[in-house]
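Here is a short briefing on one strand residue and on one strand with its partners. Look over the sequence and the fold before reading on.

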Amino acid sequence: MASTEQVVHVDCLSRPLKEGDCIAVAHRNQLMIAVVKKLHNKMITVGTLGTHNGTYKKYASECALLEGPEVSMFLLKNRK
């Protein structure tokens, strides 16, 4: 039987993540800025920003939530 409980994912600093949050994530030996697209039971789907656009599944504990005016400025400058 399917469970209807909400899954709470937290980043490496134990801050809760939700859809639409900006995060920093390691991908192929690079640090990328990404947006949380969807929350699954064990993993999250992220969409990277910038020159390497793509969608990947990552564990929430491998990500770091980004907040503040610096993230807003990056998104305004680099969003396509």
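A residue is called exposed when its relative accessible area is over 50%, and buried when that area is under 20%. The model discussed here is predicted. Two topics follow: T55 in strand β6, then strand β3 and its pairing with β4 and with β7.

**T55 and its surroundings**
- Strand β6 covers residues 54–58, and T55 lies in that strand.
- T55 has 55% relative accessibility, so T55 counts as exposed.
- Beyond its neighbours within four places in sequence, T55 is in contact with T45, V46 and G47.
- E67 is twelve residues from T55 along the chain, and 21 Å separates their C-alpha atoms.

**Strand β3: burial**
- Strand β3 runs over residues 22–27 and is mostly covered.
- Five of the six residues of β3 are buried, meaning under 20% relative accessible area.

**Strand β3: pairing with β4**
- Strand β4 spans residues 30–39 and pairs with β3 in the antiparallel sense, over six bridges.
- The β3–β4 hairpin has two residues between the strands.
- In that hairpin, R28 takes a positive phi near 50°.

**Strand β3: pairing with β7**
- Strand β7 spans residues 63–65 and also pairs with β3 in the antiparallel sense, over three bridges.

**A24 and its bridges**
- Which residue of β4 is the bridge partner of A24? That partner is I33.
- In β7, A24 has A64 as its bridge partner.

Technical notes
Residues are numbered from 1 along each chain as its sequence is written. This is a predicted model: local features need pLDDT of at least 70, side-chain atom pairs count only at pLDDT 80 or more; totals for chains, interfaces and linings use all residues. Side-chain values use heavy atoms; hydrogens and water are left out. Helices (H or I, at least four residues) and strands (E, at least two) are DSSP runs, numbered from the N terminus. Buried means under 20% relative accessible area, exposed over 50%, partly exposed in between (1.4 Å probe, protein chains only). Contact means heavy atoms within 4.5 Å. Two strands pair if DSSP finds at least two bridges between them.
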